[in-house]
Amino acid sequence: MAVGDIVVMTDHSSGEGSRPLLEAAVEVLTGMQAVSVDARHFMTGGNGRVIVERETVRLTVPSEDLVVTPEVLVVYEIPPTGRWRFETFQRSVLRSGSSCLGADVDAWRAATDKHQTVMRFSQEGVAQMETIALCDPDPNAALDAFTRLGGDVWARPRTGAGGKDVFHVTTIEDLHDARRHYTTSGQDWLLSRDAGNVGPDGRRHQFRVVVLHDRVLRVCEHVQSDSDAPCNESRGAVSTTVPVGNFPAEFSRLAISATRSLGLPFGGVDLAVENGGVVFEVNVHPVLDVPEGFETLAIPFIQAHLSPQ
Ligand SMILES: Nc1ncnc2c1ncn2[C@@H]1O[C@H](COP(=O)(O)OP(=O)(O)OP(=O)(O)O)[C@@H](O)[C@H]1O
Ligand SMILES: [Mg+2]
C-alpha cells in the first residue's frame, strides 16, 4: 500500500464531474484523503515544478504553497486540446517511480489524434469503417474521398469535442458545407463510411464500453432519435446501462483490442455492432459521473493504481 501522497490531478476548469468520484474512491480504498492538484499548473506555461530524484517525483506549486510527493498519481479530465501542453510533465512522471496510468504520451496521442487512431486500428486489425483522413482538402479532393467512400459518410474533426462539428454527409452540398466549416475553423478532418447503426425503430444506436486492461467494466447503449446526429449525449442521445454479462463477448473483445492497440490501460470505446462491429474511437478519460460510475469505474480505476499489473 501507498506510503507517500495519493494525488488526483485534473484540469480544475473541467465541468465533467469525474474528480469527486476519484477522490472519494481513494478515500474508500485507502482511508487517506487524496491531494487534489490542478493539472493546469503542470502544463506548458504553468508555475508547477517537478523534481525527479531517486525514483520519487516531487511536485511543487509555489502559488498555492503546495509540495507533494505522489506515490500514486491519478491523472484525469485533461481536455483533448490541452493534452500536448501536458506531455513534458508526463515524461517526467514516467521517469519517476510513481504509480500512474496516465503518463504514456504516445498512447494519448494515438487516441486523441483521430488520424493516428485510424492508422493504428488498421495496423492492429481493429475493425472500423473505411476512413479517409483529410487536411485542408480542395473541393475536388473532398469530392474524390466522398465518392470513393460511397456517398453516405460521416465527417469528424481530427481532435474530437464530444460530438461537436460531426456531420452526416449524404449530398455534395452537405460535403462542401462540411469542408467550408472545417476550413473556416482551421480543423483537419476525417470522412468515414456510414456504420449503418440504425435500429429497427429507425433510431441510431451504439455502445460506450469502458475497458481497464483486459476487462470490460461498464457498457451503456446510446440511442439517438435524429439519425443525422452523432450518438453523443451532448448531442441529445439517451444512455441506458447494459449489464456487462449481457453484452456479446465478441464486442467486448473488440473494445479491449481497440484500447490495447492504442497503448491505453484504460479507455471508453465508442463502437457500433452493425457490420460485424466497428470502433469509432477510444476516449482517454471517459466521463465517470454516470449511473453506477463510482462502483463500476472509479473504484477499479483507483484500485489499478494501488495494485499495478
Ligand atoms: N462512420 C460513422 N457512422 C455512423 N456514425 C458515426 C460515424 N463516425 C462517427 N459517427 C458518430 O459520430 C460520433 C462522434 O465521433 P467520435 O466518437 O469519433 O468523436 P467525438 O465523440 O466527437 O470525440 P471525443 O469523444 O474525442 O470528443 C460517433 O460516436 C458516432 O455517433
Ligand atoms: Mg465519441
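Which strand supplies the largest share of the shell around ligand 1?

1. **The ground rules.** This is a predicted model, in which local features need pLDDT of at least 70 and side-chain atom pairs count only at pLDDT 80 or more, while totals for chains, interfaces and linings use all residues. Residues are numbered from 1 along each chain as its sequence is written, and chains are lettered from A and ligands numbered from 1 in the order in which they are written.

2. **The shell around ligand 1.** The answer to the opening question is strand 15, with 3 residues. Strand 8 (153–157), strand 10 (189–193) and strand 15 (278–283) each give the shell at least two residues. Helices (H or I, at least four residues) and strands (E, at least two) are DSSP runs, numbered from the N terminus. There are 22 residues around the ligand, and Trp-154, Gly-160, Ala-195, Pro-230 and Cys-231 come nearest; a residue is near a molecule or strand if its C-beta atom, placed from the backbone, lies within 6 Å of it.

3. **What the shell is made of.** By type, the shell has 9 nonpolar, 8 polar and 5 charged residues. Here Ala, Val, Leu, Ile, Met, Phe, Trp, Tyr, Cys and Pro count as nonpolar, Asp, Glu, Lys and Arg as charged, and the others, Gly among them, as polar.

4. **Three domains.** The protein is divided into domain 1 (5–103), domain 2 (130–193) and domain 3 (197–300), with bounds that come from an automatic or database domain assignment. The shell around ligand 1 lies between domain 2 and domain 3, because both give residues to it. The centres of these two domains, taken over C-alpha atoms, are separated by 24 Å. In all, 5 residues of domain 2 are in contact with 6 residues of domain 3, where contact means C-beta atoms, placed from the backbone, within 7 Å. The side of domain 2 that touches domain 3 has 1 nonpolar residue, 4 polar and no charged.

5. **The cores.** In soluble globular proteins, nonpolar side chains tend to be buried together. A nonpolar core is a set of buried Ala, Val, Leu, Ile, Met, Phe, Trp, Tyr and Cys residues joined through C-beta atoms within 7 Å. A residue is buried if 20 or more other C-beta atoms lie within 10 Å of its own, exposed if 12 or fewer, and partly exposed in between, with C-beta atoms placed from the backbone. The largest core has 66 residues, of which Leu-22, Val-74, Val-209, Val-211, Ala-255, Leu-271 and Val-279 touch the most other members. Domain 1 and domain 3 both contribute, so this core lies between them. Leaving out residues up to four places away in sequence, Ala-255 touches Val-209, Val-211, Val-216, Val-269 and Leu-271. Another core, of 15 residues, lies apart from it and includes Leu-134, Ala-142, Trp-154 and Ala-155.

6. **Helix 5.** Which residues of helix 5 (residues 139–148) are buried? They are Ala-142, Ala-145 and Phe-146. Seen down the helix axis, they fall within an arc of 100°, so they line one face of helix 5; the arc is that of the directions from the helix axis to the C-beta atoms. On the other side, Asn-140 and Thr-147 are exposed. The buried residues pack against strand 7 (131–134), strand 8, strand 9 (167–169), helix 6 (172–185) and strand 10. Gly-150, with a positive phi near 100°, follows helix 5.

7. **Phe-251.** Look for Phe-251 in helix 7 (residues 249–261). Phe-251 counts as buried because it has 20 C-beta neighbours inside 10 Å. Apart from neighbours within four places in sequence, Phe-251 is in contact with Phe-207, Leu-271, Val-273 and Gly-277.

8. **Two residues with positive phi.** Most residues other than glycine have a negative phi, and most peptide bonds are trans. His-213 is not a glycine, yet has a positive phi of about 50°. His-213 sits in the loop between strand 11 (204–212) and strand 12 (215–224) and is partly exposed, with 15 other C-beta atoms within 10 Å. Glu-292, also not a glycine, has a positive phi of about 65°. Glu-292 belongs to the loop between strand 15 and helix 8 (293–306) and is exposed, with 10 other C-beta atoms within 10 Å.

Note on methods: Two residues are in contact if their C-beta atoms, placed from the backbone, lie within 7 Å.
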